[in-house]
Amino acid sequence: MAKSEAAVSGGFTIFRGADAPGLVEAGCMEMAPMSDVQRAGMRKLVEAGYLEGDDVRILVDLPGFSLAHAWLKNGYPLTLHSHDSDCLYYVISGNLRIGTEELGPRDSFFVPKDVPYTYRPGSNGVEVLEFRHAGTFGFLNLSKGEAFYAKAAETVAANLADWKVAKRPSLNV
């Protein structure tokens, strides 16, 4: 992560959002090995346009601490997964459904490490901040079965045109 030239001695550092690398570019998430079905399913999702449905930036990456900004667009089929570090989520804009709960701006949720979860962005998508006490964290894909990936690929295909022109929920207020 590129730190601002305005960094000052004593540990005070400024991080600029414009300099924030994407999740893959930052290299802070380690993918656990996937089964053949999961690998084929994820390949199918990517071919359908899955990568157009989200934008995840690492705003801060310090030893033992990270902050990510994630924008998931309407209908994005986030896989059931877990991480090997605790994560506190804060909804900036838009909304999401996690389990039976609908969350919107200024709501938060905490996911302990190794707890499986997923959520669905609302009709305008959702922007969240992800706070972790880890600079690097693991991602374990827990979605199984060809049926899940087939349905998710249909969802991607149905939303792809809208994803390409979507505006962040925070820009719609």
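## About the model

Residues are numbered from 1 along each chain as its sequence is written, and side-chain values use heavy atoms, with hydrogens and water left out. Because the model is predicted, local features need pLDDT of at least 70 and side-chain atom pairs count only at pLDDT 80 or more, while totals for chains, interfaces and linings use all residues.

## Salt bridges

Let's begin with the charged pairs. Side chains of opposite charge can pair when their charged atoms come close. Here a salt bridge is a side-chain nitrogen of Lys or Arg within 4 Å of a carboxyl oxygen of Asp or Glu, and the count comes to six. One of them joins Arg 97 and Glu 102, at 3.3 Å from N to O.

Another salt bridge pairs Arg 168 with Glu 127, whose closest N and O atoms are 3.7 Å apart. This pair links distant parts of the chain, 41 residues apart: Glu 127 sits in strand 8 (residues 120-132) and Arg 168 in the segment after helix 3 (146-165). Helices (H or I, at least four residues) and strands (E, at least two) are DSSP runs, numbered from the N terminus. Glu 127 is buried, at 3% relative accessibility. Through shared partners, salt bridges join Asp 55, Arg 57, Glu 127 and Arg 168 into one network.

## Nonpolar cores

A nonpolar core is a set of buried Ala, Val, Leu, Ile, Met, Phe, Trp, Tyr and Cys residues joined through side-chain atoms within 4.5 Å. The largest one holds 31 residues, and Leu 45, Tyr 89, Leu 96, Phe 109, Tyr 119 and Val 128 touch the most other members. Elements giving two or more residues to this core include helix 2 (36-48), strand 5 (87-98) and strand 8. Helix 3 provides the largest share, six residues.

Not counting residues up to four places away in sequence, Leu 45 touches Tyr 50, Tyr 149, Ala 152, Ala 153 and Val 156.

## The largest pocket

The largest pocket contains about 700 Å³ of space. Its lining has 29 residues, and the closest to the pocket centre are Leu 23, Met 29, Asp 54, Val 56 and Tyr 76. The lining divides into 20 nonpolar, six polar and three charged residues. Among the elements that each supply at least two lining residues are helix 1 (23-26), strand 1 (29-31) and strand 9 (137-141).

Trp 71 lies in strand 3 and is buried, with a relative accessible area of 8%. Leaving aside neighbours within four places in sequence, Trp 71 is in contact (heavy atoms within 4.5 Å) with residues including Asp 55, Glu 127 and Arg 168.

Asn 159, found in helix 3, is buried too, at 12% relative accessible area. Beyond neighbours within four places in sequence, Asn 159 is in contact with Asn 74 and Gly 75.

Note on methods. Buried means under 20% relative accessible area, exposed over 50%, partly exposed in between (1.4 Å probe, protein chains only). On a 1 Å grid over the protein atoms alone, a cavity is a set of points where a 1.4 Å probe fits but cannot get out, and a pocket is an open set with protein on both sides within 12 Å along at least five of seven lines; lining residues have an atom within 4 Å of a point. Grid points are joined across faces, edges and corners, and a volume is the space filled by probe spheres set on the points. Ala, Val, Leu, Ile, Met, Phe, Trp, Tyr, Cys and Pro count as nonpolar, Asp, Glu, Lys and Arg as charged, and the others, Gly among them, as polar.
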